[in-house]
Amino acid sequence: MKEILENILLAIKGYEKDEFLKEAHLGNILSFIHQNLGKDSWVGIYRFVEGKLILSSFQGTPACEIIKIGKGVVGTSFANKEVIYVNDVSKIENYICCDEKAKSEICLPLYKDDNIVAILDVDLPFVHDFKEEIDLYSKIAKIVEIFL
Ligand code: SME
């Protein structure tokens, strides 16, 4: 998995900051991550809008559109401003199921001008320990932030 994440990082580093193309770049970056993690993965962004987290660009099956702050892995990651990973989603109570296929999940806060503005959410279709990959996922999140 580390090698896959390193390849994703190398590829998405190539996108230059460009105001006109940022939406297009963001979509392509999410698509690239999704393709490399596999067709049953899910990767997307929940943006903070008027006190709630709203589904924004994503790749994968249709997902929950509104998440309250503090609810689920996404809402808790936002409320606590921390990276949260869940190796096995069946083991936690504060989990919002959008797709039965998802078995593990990592959420990373995204910042703009030092303010938390969104969450990058990745679901994998298998139980998985993210511990050794936090650094790589955080680097990916830093690149995604450029195109918010
Ligand atoms: N599982 C998330 C909800 C979002 S989906 O994974 C796309 C959660 O518990 O917050």
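Two strands are taken as paired if DSSP finds at least two bridges between them. In this predicted model, arginine 47 has isoleucine 54 of β2 as its bridge partner.

## The sheet

Six strands make up an open sheet, in the order β3-β2-β1-β6-β5-β4, with antiparallel pairing. The edge positions are taken by β3 and β4; each has a single partner strand, so one side of each is left without a neighbour in the sheet. On average, and with direction ignored, neighbouring strands are turned by 25° against each other. Strands of a sheet pair through backbone hydrogen bonds, in either a parallel or an antiparallel manner.

Strand β1, residues 42-49, runs antiparallel to β2 and is joined to that strand by six bridges.

Leucine 53 stands opposite isoleucine 67 in β3. Here the hairpin has six residues between the strands, and glycine 60 adopts a positive phi near 135°.

Helix α4, residues 134-146, lies across β1, β4, β5 and β6. The helix runs at about 40° to β5.

## The cysteines

How many disulfides does the model contain? The count comes to one. Cysteine 64 and cysteine 98 form this disulfide, with their sulfur atoms 2.0 Å apart, which lies inside the limit of 2.5 Å used to assign such a bond. The torsion about the S-S bond is about -120°, and the disulfide is therefore left-handed. Cysteine 64 lies in the loop between β2 (52-59) and β3 (66-68), whereas cysteine 98 lies in the loop between β4 (84-86) and β5 (104-112), so the pair ties together parts that are 34 residues apart in sequence.

Cysteine 97 is in no disulfide; the nearest cysteine sulfur, that of cysteine 98, is 6.8 Å away. For cysteine 107, the closest cysteine sulfur is again in cysteine 98, at 10 Å, which is too far for a bond.

| Residue | Relative accessible area | Class |
|---|---|---|
| Cysteine 98 | 32% | partly exposed |
| Cysteine 97 | 42% | partly exposed |
| Cysteine 107 | 0% | buried |
| Histidine 25 | 12% | buried |

Cysteine 107 is classed as buried because its relative accessible area of 0% falls under the 20% limit. Cysteine 97, at 42%, counts as partly exposed.

## Histidine 25

Where is histidine 25 found? This residue belongs to helix α2, which covers residues 22-37. Histidine 25 is buried, at a relative accessible area of 12%. A polar atom of the histidine 25 side chain lies 3.4 Å from the backbone oxygen of glutamate 16. With neighbours within four places in sequence left aside, histidine 25 is in contact with Tyr15, Glu16, Asp18 and Phe147.

Note on methods
Residues are numbered from 1 along each chain as its sequence is written. This is a predicted model: local features need pLDDT of at least 70, side-chain atom pairs count only at pLDDT 80 or more; totals for chains, interfaces and linings use all residues. Side-chain values use heavy atoms; hydrogens and water are left out. Helices (H or I, at least four residues) and strands (E, at least two) are DSSP runs, numbered from the N terminus. Buried means under 20% relative accessible area, exposed over 50%, partly exposed in between (1.4 Å probe, protein chains only). Axes are lines fitted to C-alpha atoms, for helices over the stretch in contact, and angles run from 0 to 180 degrees between N-to-C directions. Contact means heavy atoms within 4.5 Å. A polar contact is a pair of N or O atoms within 3.5 Å; within protein, one must be able to donate a hydrogen and the other to accept it, and residues adjacent in sequence count only if both atoms are side-chain atoms.
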